[in-house]
Amino acid sequence: MKKIYKNMPKDFLWGASTSAFQVEGGYGEGGKGISTTDVRNVPEGIADSKIASDHYHHYEEDVKLMKELGINIYRFSFCWARIMSDGWNVNEEGLEFYDDLINRCIENNIIPFPTLYHFEMPQKLVEEFGGWKSRKCIDAFEKYAKVCFERFKDRVKYWGTINEQLIVSAASDLNGNHESDQNQKMKNMYQMSYNMSVAEKKAIKAIREIIPEALVGPVCSMQVIYPRTSAPEDIIAANDAEDMLQNIFLDMSVKGKYPKRCENYLKLKNYYPETMEEDKELLEKYVPDFIGVNYYASTCIRVREEGEDVSKLPPFFRNELFTLGNNEFLQKTRWMEFGIDPSGLYLGMRKMYERYNLPMMVTENGMAYSEELVDGKVHDEYRIEYLKAHIEQCQRLVEEGYPLLGYCPWSLLDLVSSHQGFSKRYGLIFVDRTDIDIKECRRIPKDSYYWYKNVIANNGIYFE
């Protein structure tokens, strides 16, 4: 018989998520500088971020749709290049845009929850000194964070630091690491990640001084790793993958140091980053208040065979320790190629709490699908099924006593995906545009929007 879970606590936060470069648009408007995401090599016929979902011109309407949906927290991101066009000088017009967005959220009883760094940064910093390859970027990020904290300190009490450090450290089109020598490129990747960790700690130090009552935390790409088989070699590979794809970042965020396995590997490969003595105290002293969790699917890992070519895999998979396997037990779709695994959300967060002992919030969780309007509507029962199965796991976590602060599906509305434009959609709200025809970006709530509205109104799901 299926377990019937209680509804969520009264203070549980039901929300939805977006990110600036995927939703805002407003390219060249309001004093916005050029972002790294603006200069990405987007294939012809695929939408870029210059207009995206045109939130920059539709944000008032979008906040009204949030209110109707009933969410009480909105997780979004600031565009660093809109606030500081060159990475150093403040753009007042950009701050005013976020002033109005935040104020409208608050007027509608929606908690604003911005992330400082979600995949984009001012391109000027890459051109000036290589972006995160240089410690100068730590200073730039600290200045940017302080500008945000001072401006919004009276209204914003939830803050995200860095979104998915795993991805942004490795993706050259997001960080400017275009080194042709692959060995040097890997060394750069780990140096950039280390500099991000130091910058995050400086931001946490600043928020403790400027907004002592605020809650701040990293937003991680949670890695739920299954070994391909019960062979010891596959199990060791799976453990290595969890350390190298998740714990290397979260251990630094929470404990201020790398897992021993990662430290040994980086030194063996001569990838270990350059550090400064004063970093140690900073890294260990300033601990986040919670962890934001982005989860879409689990990953199957196997031991890498000798001589196996992994050059076409993402950089964080290019090692001698592990590679991708195939989980035959999960349902896969065109855009959910790893398979749909609701139980992974429960397992991953359970393990995360036992390792870090910090409250958690689901900051992204969603179902991608290619969709079109049919008679003016989108009947996305597949998304409802996905969200329902994952919310059930959230209720299970809460019932078992794990401190889950809230749940924010990805995404509030359709937005431009990093590599698939608008052919890959996650939104609760349909944005009426295609990759090549912008139209008016009309907003049309999908069936999942009304379903989620009912879940929020009931503060959970009753399961039969």
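**Entry 1**

I take helices (H or I, at least four residues) and strands (E, at least two) as DSSP runs, numbered from the N terminus. The model is predicted: local features need pLDDT of at least 70, side-chain atom pairs count only at pLDDT 80 or more, and totals for chains, interfaces and linings use all residues. Residues are numbered from 1 along each chain as its sequence is written, and side-chain values use heavy atoms, with hydrogens and water left out.

I noted that β4 and strand β5 (residues 215–221) pair in the parallel sense over 4 bridges; two strands pair if DSSP finds at least two bridges between them. Strand β3 (residues 111–117) is also parallel to β4, joined to it by 2 bridges. There, Tyr 117 stands opposite Ile 162 of β4.

Is strand β4 enclosed or open? I found 6 of the 6 residues of β4 (residues 158–163) buried, so the strand is largely enclosed by the rest of the structure. Buried means under 20% relative accessible area, exposed over 50%, and partly exposed in between (1.4 Å probe, protein chains only).

**Entry 2: aromatic rings**

I counted rings of Phe, Tyr and Trp (its six-membered ring) as a pair if their centres lie within 6.5 Å; planes under 30 degrees apart count as stacked, over 60 as edge-to-face and the rest as tilted. By this rule the count comes to 34 aromatic pairs.

Trp 80 lies in helix α3 (residues 80–83) and Tyr 144 in helix α6 (residues 136–152), so the pair ties together parts that are 64 residues apart in sequence. Both Trp 80 and Tyr 144 are buried.

Tyr 369 and Tyr 382 are also stacked, with 3.8 Å centre to centre and 15° between the planes. Tyr 369 is partly exposed, with a relative accessible area of 34%, whereas Tyr 382 is buried at 16%.

I also recorded a cluster linked by ring pairs, with Trp 159 among its members, together with Tyr 56 and Tyr 59.

**Entry 3: helix α2**

I compared lengths: a straight helix of 15 residues would span 21 Å at 1.5 Å a residue, but α2 (residues 55–69) spans only 17 Å between its end C-alpha atoms. The expected span is 1.5 Å times one less than the number of residues.

Where is the kink in α2 centred? I found a kink of about 40° centred on Glu 61. The bend at a residue is the angle between axes fitted to the seven residues ending there and the seven starting there. Just after α2, Gly 70 takes a positive phi of about 100°.

**Entry 4: the open sheet**

I found 3 strands in an open sheet of mixed pairing, in the order β6-β8-β9. The edge strands β6 (225–227) and β9 (323–324) each have a single partner strand, so one side of each is left without a neighbour in the sheet. Strand β8 (residues 299–302) runs antiparallel to β9, with 2 bridges joining them. Arg 302 stands opposite Thr 323 in β9.

**Entry 5: Ser 253**

I placed Ser 253 in helix α10. Ser 253 is buried, with a relative accessible area of 1%.
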